[in-house]
Amino acid sequence: MNVDVVETTNGDQMPNTAPAGKGSELLELILNSLENDKAEDIVHVDLRGRSSIGDFMVICSGRSSRQVAAMSEKLVERIKAETGRTSKIEGKDTGDWVLIDTGDVVVHVFRPEVREFYQLEKMWMQGGNA
């Protein structure tokens with residue numbers, strides 16, 4: 001599998017592939033929504049051919065529990081309004097780690113401390129370079 005290196009907003013480099021095919025339009029909508037809502041350190045991981053949970057995974061951070069919950073809620077509303085999809089959402093009440101399952105794209109929105117603890121990006125990096 002051909003992998004490009006993508007620089008995240010905090011300057012780290014992560015392997016990734018350009019979005020194409022099923023789920024890519026939804027991925028673009030999600031990335032734009034998170035960026036507009038000031039999400040930090042947005043990373044997307046191509047899961048095609050690696051997992052059946054979806055085509056892509058998006059991981060990002062919010063500065064506070066309130067921002068994490070608000071970004072997540074707004075994202076679910078935008079997805080519903082623009083695509084008609086109903087997303088499953090978990091963890092919004094606490095705002096530490098919110099999981100949004102859209103079917104093709106799985107989104108994780110973290111508070112920075114929680115994201116650092118779980119380090120999902122490393123778990124899903126190409127070639128197991130964790």
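Me: What makes some residues of helix α1 count as buried, and which are they?

Reply: Buried means under 20% relative accessible area; exposed means over 50%, and partly exposed lies in between (1.4 Å probe, protein chains only). The residues of α1 that fall under the cut-off are S24, L26, L27, L29, I30, L31, S33 and L34. Keep in mind that this is a predicted model: local features need pLDDT of at least 70, side-chain atom pairs count only at pLDDT 80 or more, and totals for chains, interfaces and linings use all residues. Residues are numbered from 1 along each chain as its sequence is written, and side-chain values use heavy atoms, with hydrogens and water left out.

Me: What do the buried residues of α1 pack against?

Reply: They pack against β3, β4, α2 (65-83) and β7 (105-110). Contact means heavy atoms within 4.5 Å. Helices (H or I, at least four residues) and strands (E, at least two) are DSSP runs, numbered from the N terminus.

Me: How do you know that the length of α1 fits a helix?

Reply: The expected span is 1.5 Å times one less than the number of residues. Helix α1 (residues 24-36) has 13 residues, so it should span 18 Å. Its end C-alpha atoms are 18 Å apart, which agrees.

Me: Why is one group of residues called a nonpolar core?

Reply: The name is for buried Ala, Val, Leu, Ile, Met, Phe, Trp, Tyr and Cys residues joined through side-chain atoms within 4.5 Å. The largest such set here has 21 residues. I30, L34, V58, V105 and V107 have the most contacts inside it. The largest share, six residues, comes from α1. A second, separate core of eight residues includes V45, L47, M57 and F110.

Me: What does V105 touch?

Reply: Leaving out residues up to four places away in sequence, V105 touches G23, L26, L27, I30, F56, V58 and I100.

Me: How do you know that β4 and β7 pair?

Reply: Two strands pair if DSSP finds at least two bridges between them. β4 and β7 have six, in the parallel sense. M57 stands opposite V106 in β7. β3 and β4 (residues 56-61) also qualify, with five bridges in the antiparallel sense.

Me: What makes β3 and β5 edge strands?

Reply: The open sheet runs β3-β4-β7-β6-β5, with mixed pairing. β3 and β5 (88-90) each have a single partner strand, so one side of each is left without a neighbour in the sheet.

Me: Is β3 mostly covered or mostly uncovered?

Reply: Mostly covered: five of its seven residues are buried.
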